[in-house]
Amino acid sequence: MISQFVILSQHGDILLFKDYRGDVGKDSPELFLQKIRDLSGGLAPPTFHHDGINYLHVKHNSLFFMATTRSNLSPFMVIELINRVASLCKDYCGVLSEEAIRLNFPLVYEILDEVIDFGYPQGTSTDMLKAYMENSPVLVREGTTPGLFGAERRMVPSTAANKSIMGTAISQGRKNEIFVDVLERLTVLISTSGSVLRADIDGTIQMKSFLVGVPEIKMGLSEDLTVGKEDKRGYHSHAHVDECSFHESVDLSEFGQSRVLTIHPPQGEVTTPTWLSWSLTKS
């Protein structure tokens with residue numbers, strides 16, 4: 001079971017502190033930050049043990065989401081729970097930032113009350129928790145920057161998906177919509193002579209749903225896509241990934257034949273497929 005759950009800013013400010021069992025000292029956030037600062041570069045491992053206490057943390061958008069326990073818990077389970085809490089904060093606050101956590105402190109505290117009971121994880125479904133949320137989100141104002149002589153200059157927001165799922169009803173002006181982002185990261189290892197030794201690409205398709213209910217959505221991928229050791233499909237240049245995993249809301253019954261994903265997305269943000277390609281070579 002989890003003893004404490006803490007959210008800290010990158011400067012070490014305690015934004016939220018929740019003590020579930022009272023068996024770990026109140027100075028655990030300070031000890032955690034001191035441990036990080038003592039390491040070269042400030043890169044602490046996701047989990048470490050100190051003075052009989054297990055510290056587990058994940059960093060999201062310059063925020064430290066940290067949990068402590070005296071029990072011998074599975075680190076993967078606790079880290080997955082921390083990631084789910086971070087996702088819930090983003091779903092309900094709209095954005096995941098220090099300002100959003102400060103403005104929505106009662107709402108985030110309420111989320112932790114519902115997700116973890118006396119240190120034991122409960123449900124982490126965004127849809128399920130909506131029925132128990134009493135506090136309304138305070139949205140972080142975005143899209144404005146200071147202009148000439150201090151005048152306000154309006155800008156188009158970088159994404160329209162940065163809003164809470166606890167919006168008004170459709171009949172009151174809320175749109176029935178879904179946002180899809182394709183994200184890829186390239187990691188390259190280059191020798192001193194300039195030749196590429198290894199190149200990896202890992203990518204995801206992230207969806208944020210504001211749809212009412214759980215409708216069925218069809219997503220078509222390239223028909224020439226191959227996964228793993230599959231043979232090349234078609235006669236043209238094709239896309240290939242070495243590994244691919246899918247969210248539990250994705251139905252793969254049509255994927256093998258036509259590369260179509262049938263998705264029943266829950267409200268909030270979800271990563272549908274995640275893929276990895278490695279050892280790319282120059283053509």
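Asp19 counts as partly exposed because its relative accessibility is 22%, where buried means under 20% relative accessible area, exposed over 50% and partly exposed in between (1.4 Å probe, protein chains only). Before we go on, note that this is a predicted model, in which local features need pLDDT of at least 70, side-chain atom pairs count only at pLDDT 80 or more, and totals for chains, interfaces and linings use all residues. Residues are numbered from 1 along each chain as its sequence is written, and side-chain values use heavy atoms, with hydrogens and water left out.

Asp19 forms a salt bridge with Lys26, with 2.9 Å between the closest N and O atoms; the term stands for a side-chain nitrogen of Lys or Arg within 4 Å of a carboxyl oxygen of Asp or Glu. Lys26 is exposed, at 57% relative accessible area. The whole structure holds eight salt bridges.

Let us turn to helix α3. Arg102 and Glu98 both lie in α3 (residues 98-103), four residues apart, about one turn of the helix; helices (H or I, at least four residues) and strands (E, at least two) are DSSP runs, numbered from the N terminus. Their salt bridge brings the closest N and O atoms to 2.9 Å. Arg102 is partly exposed at 45%, and so is Glu98 at 26%.

Another salt bridge, 3.5 Å from N to O, pairs Arg185 with Asp202. This pair links distant parts of the chain, with Arg185 in strand β10 and Asp202 in strand β11, 17 residues apart. Arg185 is exposed at 54% relative accessibility, while Asp202 is partly exposed at 25%.

Which elements give two or more residues to the lining of the largest pocket? First, the pocket itself: its volume is about 590 Å³, and 23 residues line it, with Asn83, Arg84, Ser87, Glu269 and Val270 nearest its centre. The elements are β4 (53-60), α2 (75-93), α5 (126-130) and β18 (268-277). On a 1 Å grid over the protein atoms alone, a pocket is an open set of points where a 1.4 Å probe fits, with protein on both sides within 12 Å along at least five of seven lines, and lining residues have an atom within 4 Å of a point. Grid points are joined across faces, edges and corners, and a volume is the space filled by probe spheres set on the points. Helix α2 gives the most to this lining, seven residues.

The second largest pocket holds about 290 Å³ of space. Of its 16 lining residues, Glu184, Leu225, Ala239, Val241 and Trp275 are the closest to its centre.
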